[in-house]
Amino acid sequence: MIDLFFPVDPPPRDELQLIDLIRYMALPPEGDKFVVQAMNTDYNTFACDPFDVPSYYYEHVRRFIWRHRLFIGVEKQADKLSLAVGLPTRLQRYISYLDAMIEGLFVEARRSQGNDWRSSLFDLYLSVDYFVGRHEHNRGNVWREHNPDKIMTTVDVTTLDWRTFYDSADVNDPVWSGLSYQFDVANVAESEWQVLADAAAKYFGLTNPEVKFTSVVVFNWIVMASEPSSIALDEEH
């Protein structure tokens with residue numbers, strides 16, 4: 001299954017920087033297609049010529065781009081935010097993984113003729129998102145154990161109830177789903193990134209609000225180690 005592509009380790013910092021360098025924008029559909037623009041943010045120019053994608057992918061792509069940029073935004077601002085333990089490396093792995101998934105779709109778009117093709121890689125990603133919810137190896141393994149008769153690679157994603165799937169996400173948490181920001185991180189205020197960081201931690205099951213990773217915590221541990229008789233820190237469990 002596609003979770004086998006999920007990286008075991010975080011990518012190098014230079015890979016994360018290259019991923020952040022290119023920003024995709026999905027323009028509203030016109031007929032049976034929508035246009036994707038790829039911008040090089042260092043030079044504020046197109047990284048490549050705009051290309052067409054079949055309109056039936058539009059809702060998936062704009063929500064995908066929102067989630068990818070959300071993860072990138074939180075990870076980039078890690079030194080300014082209070083992040084749950086384990087969140088930074090989880091974000092880094094997801095950023096790399098999601099980049100590979102969307103590139104699979106966009107490479108197909110650049111080489112395909114017409115607007116009636118499908119990307120098997122991206123469709124498989126969508127199936128995992130629909131049935132499993134998350135993409136780490138262990139999540140896929142648990143799902144397979146509980147669904148031995150369902151083969152993910154044979155699922156026809158066009159038969160799934162995506163309207164209900166996305167409507168439910170928007171109703172349950174419009175901030176996390178991106179609806180509150182029109183699926184564009186440019187609409188996120190500086191003061192709201194902490195809310196999104198906490199939402200990301202909740203999504204990954206890192207929900208202990210008492211265990212956060214901040215520069216203050218690191219400093220306190222350093223002080224405690226150097227002056228054990230004069231400093232006492234509360235232990236949170």
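Analyst: This is a predicted model, in which local features need pLDDT of at least 70, side-chain atom pairs count only at pLDDT 80 or more, and totals for chains, interfaces and linings use all residues. Residues are numbered from 1 along each chain as its sequence is written, and side-chain values use heavy atoms, with hydrogens and water left out.

User: Why is His137 called partly exposed?

Analyst: Buried means under 20% relative accessible area, exposed over 50%, and partly exposed in between (1.4 Å probe, protein chains only). His137 has a relative accessible area of 25%, and is therefore partly exposed. His137 lies in helix 5 (residues 137–146); helices are DSSP runs of H or I with at least four residues, numbered from the N terminus.

User: What makes the buried residues of helix 6 line one face?

Analyst: In helix 6 (residues 162–172), the residues Trp162, Tyr166 and Asp170 are buried. Seen down the helix 6 axis, the buried residues fall within an arc of 60 degrees, so they line one face of the helix; the arc is that of the directions from the helix axis to the C-beta atoms. On the other side of helix 6, Val171 and Asn172 are exposed.

User: Why are helix 3 and helix 4 called oblique to each other?

Analyst: Helix 3 (residues 87–111) and helix 4 pack at an angle of about 135 degrees. Angles under 35 degrees count as roughly parallel, over 145 as roughly antiparallel, 65 to 115 as roughly perpendicular and the rest as oblique. Helix 3 and helix 4 are therefore oblique.

Conventions. Helix = DSSP H or I, 4+ residues; strand = E, 2+ residues; numbered from the N terminus. Axes fitted to C-alpha atoms, helices over the stretch in contact; angles between N-to-C directions.
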